[in-house]
Amino acid sequence: MTKRLCIHGLAVAGLLASAAVPASAADTITIASWGGTYQEAQTKAFFDPTAKELGITIKQDTTNGLDDVRLQVTGNAVKWDITELGADECARGSKEGLFEKLDYNVIDKSGINPKLVHDDWVGISYTSVVLIYRTDVFGDKGPKTWADFWDVEKFPGRRALSGSQATETLSVAALAKGTPIDKVYPVDIDGALQSVDKVKGHIDAWWTSGAQAMQLVKDGEVDMASIWNGRAGTLRKEGAPVSFSFDQGVLTADCMVIPKGSKNKDLAMKALAKFVSPDLQANLPLYVDNGPANEKAFETGKIPQERIKDINSAPDNVKKQVLQDPEFWRDNLVEATEKFNNLIQQ
Amino acid sequence: MSIGSASLGHAVRQDGELNARALRSDARRQALGLLALLSPGLFLVFAVIIVPIGWLFWLSLFDESGQLSLANYARFFEQASYIKTFATTFKVAFVVTGACVLFGYPLAYMLSQLPRRAASICLIFVILPFWTSVLVRTYAWLVILQRKGLINNWLIDLGVIGQPLPLANNFAGVVIGMTHIMLPFLVLPLYASMKTIDVDCLRAGMNLGASPAATFRQIFFPLSLPGLASGVVIVFVLCLGFFVTPALMGGGKVIMWAMRMEQATSLYSNWGAGAALGVVLLAVTLALLGLFQWLLGARATGVWSQR
Amino acid sequence: MLLSLAPSALPIGIHGIEKRFGALSILSDLSLDVAAGEFLTLLGPSGSGKTTLLMILAGFVRANAGSIKVGGEEIITMPPHKRNIGMVFQNYALFPHMNVFHNIAFPLKQRRVSAAETAERVERALDLVQLKGLGERRVDQLSGGQRQRVALARAIVFEPRIVLMDEPLSALDKGLREHMQIELRNLHRRLGMTTVYVTHDQREAITMSDRIAVMNAGRIEQIDQPEVLYARPKTKFVAGFIGESNFIPVECRNGSVWYEDRKLRMNDPAPSAGRHLMVVRPEKLRLLADADQARPVNALPATVGDVIYQGDSFICYATLRDGRQVTLRDYCRSDVLAKLPAPGEPITLGIDAQDVVLVTDQ
């Protein structure tokens, strides 16, 4: 009796709602990304054109990463239909079964590096870890390679590396001891740790956020650092005396997933297909330094030729860099991070 | 009872049992009534404190595959960095608490000696930082303390130092930043307790031949100890769980327990790893509070020696 | 000699003390001499400056001008801890973090008295204030009276030449207060230290003091022995503050004092011409029988208003012919009781010539 009443009530409420608002819950999806200028760029490059084309509403939220997804999925309170994550987080979340399967009949995966195309996650953009140095200290004769960064006698000065992203720091440590770009993965973790150990005593700050890395360089607290290319580009645009290149950069991918239990899975799939399409992918570098994940974006002609050389995922730049292997880190992250923490805290 | 017995006479007198049952049930009713009044508070304590802590403890007992295990605790002994972090956390808490006492005691003393109006104005300045976010204050310290910050620039311009002092992105930076944030938590209870010290007690001290310094040492200071103790406990416990300032001012070289917790929740795919860190911190904090209580309790019940 | 029966008490000479808070004058040109070993009470209403004077003596408040000499030595600029003056505070000001023994030993410790001697002297002081064996008690375990005694013991254990007491009994209940008054007086007689005592309780002042200085608005109105102060007040304020008084307006002309058309008989010489007030204590008024008319008594006709029986005594409210109400008090002796007037009855009130005291009418 009461149950039937409830159902009736719900049905009536549903009818009323759909009658009153054309774009009902069924036509709305919620997307979470990292916030800040990156998400603003994504809004212009991906979200707004997609919403317009599909005639839907895209609501936005921000995420702190895999913990948030895990909390929503395990707590049966999934708020997001699509969320952005780091590629290694995607690999881990996939193993934990936190995501919906992707339908590659809807999503066209051509042009995306196969390493970033998986059953339940797909690459969306790239960030690079690059070596930045201050030109007011070194002129244009600053450290160009990680081996230079490690050479404290030839390049005296204050240094910062990431303390929170052990994967990135171990990758550059492997490069520093002379490992060729194509041999970095799978990472020899113990060898990389030994490499970190050599420079450890000369590191003045282990940064834990992109903002902090930027502030350290900008305020001259350090003379050289590992830094994300987006932050480095911002510094250069602001006129800070800095120099960096993609030589020996570490390319890390971001990916997008549909959290398990999303109420608008099908619509999300369509939206995701738009996001990774070459056309919209080509929009991204117009607004931000993070390169598109789909290399066909460079063939659309939307990206000006002089801009292409500054984009980390442009084919010429990709050749100079190491691509982080998400599945390697899925399996080795915990052990490597604990060992890394032990090392830098000694 | 005796009046009742006398007035009601022999008919109801049964070995002092007059109205005993009615009185007992009245007492029971009153107790139940009190319990009913307390129940919202008890419920809140249960829902907001007991349940989450119990849950935290429960979570800490499961490993990544969801099996009951002590793996989350065993990790503390297998990885040297956890012991190191634990030691760092307590070292920071001790040093910051010490610095707060060093600066806070004279400040609270000055406030307690000022006329009421002046004291309340000064108190506003003590409380004012509470209205700014910890993040903003920490960044402000960074601007002041870093290698090319205000202090180093001034000192170099004045020729006091040749090389910048390492004030930020290290232990010193963390201590300076945290001391600033924790100071009000020490000053406020201390000030309140100093205000309750009877002026006549201090006059009596001087009248009886103690110099102002001796009066301070033998009378004012011991009487301010309870306030100092509560301030120290508050600051110390807050320090143990502090995150923002050490994360920003430590340059990644001063890793505290709360930072480890944040890291553990993102590194491990189960909550148990972070939960175990929380349980350990909670247990150690409770043990310390117990120790404080025991020490202070001994002081409050016994008269502490004059020699 | 330790807590001796005849210590070398010192006199205090207070001269020209001025104390102002901003524009407000608290004490003005105040002078007072206290004899060695004397028990002198500063009596006055709150705000009269008595406590301020005590604080200046102790050194807690700095005067604007004046001199305080103890045994001839100027102490006005001496810091409190060097004055060697014992003080008992109104709220006792015992040190809550010390037990009874340590409270009393405190002044001895400051004077670096040896442990053995300290123990002995504290023991004797405790004995003196009848608290033997309570040395280990905490202050909060003591009753009000016991705290009072500890404060007293602490103030005298180091044999100060002067003891100051600031309303020390005001926090005690009536019975205990009266008991302590006697005890304090006896202690003073045994120890003989010069004592300045502050109270607003005139009965306490009369009970305990060798002399009383009545203070009003920062000045001393009168300083005298209690019985003189009571019997011969010099001002209306003193007469009104100490005991009860009937004030009857009189006039002095041609060397005689007149109440309306009656010439008053009095032993004192007549004061200057003009208006004065006759101060008559209720117990000095008598109901006159016709036979008494012949005696050298001033007779005032009046009408009985009310008679209140109080067991040992009675109070009679009567109205004089000028409409002024006066109070008469007498003991309930059989002969008096037999002749108690009824309300509305005309009576004649008598005042002996020796009891006529005049003060200026201000």
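Predicted model: local features only at pLDDT ≥ 70, side-chain atom pairs only at ≥ 80, totals over all residues.
Which residue in β9(C) is the bridge partner of C:Thr41?

Residues are numbered from 1 along each chain as its sequence is written, while chains are lettered from A and ligands numbered from 1 in the order in which they are written.

View 1. You'll find nine helices and 20 strands in chain C; helices (H or I, at least four residues) and strands (E, at least two) are DSSP runs, numbered from the N terminus. Of the 362 residues of chain C, 40% count as buried, meaning that 20 or more other C-beta atoms, placed from the backbone, lie within 10 Å of the residue's own. Among the contacts in chain C with a separation of 6 or more, 66% link residues 24 or more positions apart; a contact has C-beta atoms, placed from the backbone, within 7 Å.

**View 2. Strand β3 of chain C, side by side.** All five of the five residues in β3(C), residues 39-43, are buried. C:Phe39, C:Thr41 and C:Leu43 point one way from the strand. C:Leu40 and C:Leu42 point the other way.

**View 3. The parallel neighbours of β3(C).** Strands pair here if DSSP finds at least two bridges between them. β3(C) runs parallel to β8(C), residues 194-199, with five bridges joining the two; in β8(C), C:Thr195 is the bridge partner of C:Phe39. With β9(C), residues 211-216, β3(C) pairs over four bridges, again in the parallel sense. As for the opening question, C:Thr41 has C:Ile212 as its bridge partner in β9(C).

**View 4. Where chain A touches chain B.** Chain A puts 23 residues into this contact and chain B puts in 20 residues. On the chain A side, the elements giving two or more residues are α3 (66-74), α4 (87-96), β6 (203-207) and α16 (326-345). The largest share, seven residues, comes from α16(A). By type, the chain A side has six nonpolar, nine polar and eight charged residues; nonpolar covers Ala, Val, Leu, Ile, Met, Phe, Trp, Tyr, Cys and Pro, charged covers Asp, Glu, Lys and Arg, and the others, Gly among them, are polar.

Terms used. Contact = placed C-beta atoms within 7 Å. Buried ≥ 20, exposed ≤ 12 C-beta atoms within 10 Å, placed from the backbone.
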